[in-house]
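I opened the model to look up a few side chains and the annotated regions. My entries follow in the order I took them.

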Amino acid sequence: MATRAPDRPTAVPRHRSERFSRQLAYRLDVKASPYAYVMPFLLVFCAFGLFPLVYTAWVSLHDWTLLSDVHKFVGLDNFAFLLGDEYFWNATFNTVSIGLVSTVPQLLLAIWLAHLLNRPLRAQTLFRVTLLLPNVTSVVAVVVIFSQLFGRDYGLINWVLSWFGVGAIDWNAGTASSHVAISTMIMWRWTGYNALIFLAAMQAVPRDLYEAATIDGASGFTQLRKITIPMIKPTIVFVVVTSTIGAMQVVAEPLLFGTYSPTGGPDRQYQTLSLFIYENFAKLDFGYASAISWMMFVFIVIAAGINYLLTRRSGGNLT
């Protein structure tokens, strides 16, 4: 009786193999390609964002100076000394004061300008480009010009105030006056930029709402308060948070306004946190400067969180 040969494994049809390969390639494309697209950003962020942040935290725990090759580990001593440093709290007060004086009027004016440009106007492109010009102007040129405008003896601002019987103000010497002068520079640079962001959000609001409000007799200010601002609330939250972060990091305006003095005037009347960090870096005290940087980071997170919560609870009604 003849023996039966063992069965050979059935070959997979070629079309089934090709279909499996296509399905596998499709799954890899859907699952893996998004990570491949964002990988360049992640690499750059880790190299220039995350690593400096972690390394700064490590330096803040040491008595780190370039004058010595030995960097002694001191734990939280830098932070303990920082909390008792009156110069640190003075810089914190100046930062908050300049931030409030510059940010609040700036955002309100930006919303109003965006509302005006959102209407049918001739030469709209010209007006939009004009709003962006202060932002692209060199900060050095801005501070030089405004320093002349706020000059004590021959400044244009004091000349105009003299019409109303106001004496010459030494804008650089006083705390309140220097804060107003620096805040004016910041407002001039960033109001138009924020206005364009608000304008982009306003153009997404349905025009039917404005037409219905006009038929009902609503004024332009009422439409702004009842329609525009509630509809662009996410953009308002974004701009408030980014403006808060920018206000906490102000360094160029007070540095140049004080003729390149990192102390922010003889009495430190307008020294911000960023200037205080720069001063300690100039002293080569990297450990203490890193501790200040981390405290400023904590302040920025807290301030941004508070602004976010307040803006969300207000429902976007800022006026």
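This is a predicted model: local features need pLDDT of at least 70, side-chain atom pairs count only at pLDDT 80 or more; totals for chains, interfaces and linings use all residues.

**Burial terms.** I call a residue buried under 20% relative accessible area, exposed over 50%, and partly exposed in between (1.4 Å probe, protein chains only). By that scale Phe281 is partly exposed, because its relative accessible area is 35%.

**Ground rules.** Residues are numbered from 1 along each chain as its sequence is written, and side-chain values use heavy atoms, with hydrogens and water left out.

**Aromatic rings.** I pair rings of Phe, Tyr and Trp (its six-membered ring) when their centres lie within 6.5 Å; planes under 30 degrees apart are stacked, over 60 edge-to-face, and the rest tilted. I find 16 aromatic pairs in the structure. One of them joins Phe281 and Phe286: the pair is tilted, with 5.1 Å centre to centre and 55° between the planes. Ring pairs also link Phe146, Phe150, Trp171 and Trp188 into a cluster.

**Salt bridges.** My criterion is a side-chain nitrogen of Lys or Arg within 4 Å of a carboxyl oxygen of Asp or Glu. The whole structure gives four salt bridges.

I looked at Arg152 and Asp170 first. Their closest N and O atoms are 4.0 Å apart. Arg152 lies in the loop between α5 (139–149) and α6 (156–162), and Asp170 in the loop between α6 and α7 (175–202), so the pair ties together parts 18 residues apart in sequence. I took helices as DSSP runs (H or I, at least four residues) and strands likewise (E, at least two), numbered from the N terminus. Arg152 is partly exposed at 44% relative accessible area. Asp170 is partly exposed too, at 33%.

Next came Glu279. Glu279 bridges to Arg268, with the closest N and O atoms 2.9 Å apart. Glu279 sits in helix α12 (residues 273–282) and Arg268 in the loop between α11 (252–257) and α12, 11 residues apart. Both Glu279 and Arg268 are buried; for Glu279 the relative accessible area is 6%. Glu279 also meets Lys283 in a salt bridge, 3.5 Å from N to O. Lys283 counts as exposed, at 52% relative accessibility. Arg268 lies over the face of Tyr87, 3.9 Å from the ring centre. The test I used was NZ of Lys or CZ of Arg within 6 Å of the ring centre and within 35 degrees of the ring normal.

**Asn94.** Is Asn94 buried or exposed? Asn94 counts as buried, because its relative accessibility is 1%. I place Asn94 in helix α3 (residues 86–117). Its side chain reaches the backbone oxygen of Gln271 at 3.1 Å. Beyond neighbours within four places in sequence, Asn94 is in contact (heavy atoms within 4.5 Å) with Thr175, His179, Arg268, Gln269, Tyr270 and Gln271.

**Annotations.** The unreviewed UniProt entry places "domain: ABC transmembrane type-1" at residues 92–307. UniProt annotations may be inferred rather than shown by experiment; positions follow the numbering used here, and feature names are shortened. Over residues 92–307 I read 74% helix and 0% strand, with the end C-alpha atoms 17 Å apart. The unreviewed entry also lists "transmembrane region" segments, including residues 35–58 and 286–310. Residues 35–58 are 100% helix, and their end C-alpha atoms are 30 Å apart. Residues 286–310 are 100% helix, with end C-alpha atoms 36 Å apart.

Methods: A polar contact is a pair of N or O atoms within 3.5 Å; within protein, one must be able to donate a hydrogen and the other to accept it, and residues adjacent in sequence count only if both atoms are side-chain atoms.
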